[in-house]
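Hi,

Here is the structure I promised to pass on.

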Amino acid sequence: MTKTFWIILACLTMVGTVYIAAWMSVPPDRRAGVAEPLVTDYIATAATVDSTRLRAMITQLTAAGSRVTGYPGNEAAAAYIRGQFASLGFAVVDSARFWTTDGDPRMTVESFPVVVPIDKGAALILPDTISTNLQEIRLYPLWPNLVRTSTVPPEGLSTPIIYGGIGTPEAFNGQDIDGNIVLLEFNSGQNWLTAASLGASAVVFIEPEETSRGEAERKFLTVPADIPRFWIGRDAGIRLRSMLQDYPEAKRPPPLVRLTARMDWENRAAQNIYALLPGTDPTIAHEVIVIESYYDAMSVVPSLA
């Protein structure tokens, strides 16, 4: 038999397996061909969404800052959700009463501790020799390398800062990396590890115009590498980059700056919010439909999630 025959046979076998699995997943009482009505008019359904209300809800959920668990925005979002359920008539009950069958809408809250990295503040202080109108820049610590947060000694790091582009080896030609702070473009993959291997004391990433989840995931490790990493806002980052780009060409020593930062692991309270709307059809009221979503957020920059 030819190779083509075996390929066709394998494909047919896969299709048949998928079909049988799908058929077996249908309850026996529904295999007889009794079709259930489906919503097919998606345009009409979408038209029922109140875009003004939706925008107001998103604005409310994002108004209090980062929604990483343990940050102010997370608790504000939880309070908003509890308030929305309450306004719809869901009464707060303890967990023991949640599954009672009294027929009333109800909600309960499950609290539990979570250990999270809390941003206590970070800054880059520039000398007058670099700039007179941009002397202290707010930085944001990145997600820790395993347990190692982007904390620096209490006195800060007082050291030169250089610009390394996207962190390729040739971008560091003629520049001293050891012990210095390196400014890099965020969209640089894992090239920051080159700076770390050359002895950089910290890495600062410039906020890009746009990026991807993959880029973000490459900016922290699952091992406790001792290399603090930070995010700098785009406007400040571009201005700082323009200041630093002339130093190598002019063969001048890089300017001295001071970097301060603290991020601590802390126990913070998290909440699961459960709401139950009892059914009214006596034949299927015992069945449970679960609608689930998360209201917290995640980012490579915890305080900006």
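Below is what turned up on aromatic contacts and nonpolar cores. Please keep in mind that this is a predicted model.

Let's begin with the aromatic rings. Searching the whole structure gives 5 aromatic pairs. One to look at is Phe186 with Trp231: the ring centres are 5.2 Å apart and the planes meet at 70°, so this pair is edge-to-face. Phe186 sits in the loop between strand 5 (181–185) and helix 5 (192–197), while Trp231 belongs to strand 7 (residues 229–232), so the contact ties together parts that are 45 residues apart in sequence. Phe186 is buried, at 1% relative accessible area, and Trp231 is buried too, at 12%.

Phe186 also has a charged neighbour: Lys219 lies over the face of its ring, 4.6 Å from the ring centre. Elsewhere, Arg229 lies over the face of Trp192, at 5.5 Å from the ring centre. You will also find an aromatic cluster formed by Phe98, Trp99 and Tyr274.

Now to the nonpolar cores. The largest has 23 residues, and Leu124, Phe230, Ile232, Leu240 and Leu259 have the most contacts inside it. Several elements each supply at least two residues of this core, among them strand 2 (106–125), strand 7 and strand 8 (256–276). Helix 7 gives the most, with 4 residues. There is also a second, separate core of 18 residues, which includes Leu142, Ala195, Ile227 and Val300.

Enjoy exploring it, and write back with any questions.

Best wishes

Terms used:
Residues are numbered from 1 along each chain as its sequence is written. This is a predicted model: local features need pLDDT of at least 70, side-chain atom pairs count only at pLDDT 80 or more; totals for chains, interfaces and linings use all residues. Side-chain values use heavy atoms; hydrogens and water are left out. Rings of Phe, Tyr and Trp (its six-membered ring) pair if their centres lie within 6.5 Å; planes under 30 degrees apart count as stacked, over 60 as edge-to-face and the rest as tilted. Buried means under 20% relative accessible area, exposed over 50%, partly exposed in between (1.4 Å probe, protein chains only). A charge sits over a ring if NZ of Lys or CZ of Arg is within 6 Å of the ring centre and within 35 degrees of the ring normal. A nonpolar core is a set of buried Ala, Val, Leu, Ile, Met, Phe, Trp, Tyr and Cys residues joined through side-chain atoms within 4.5 Å.
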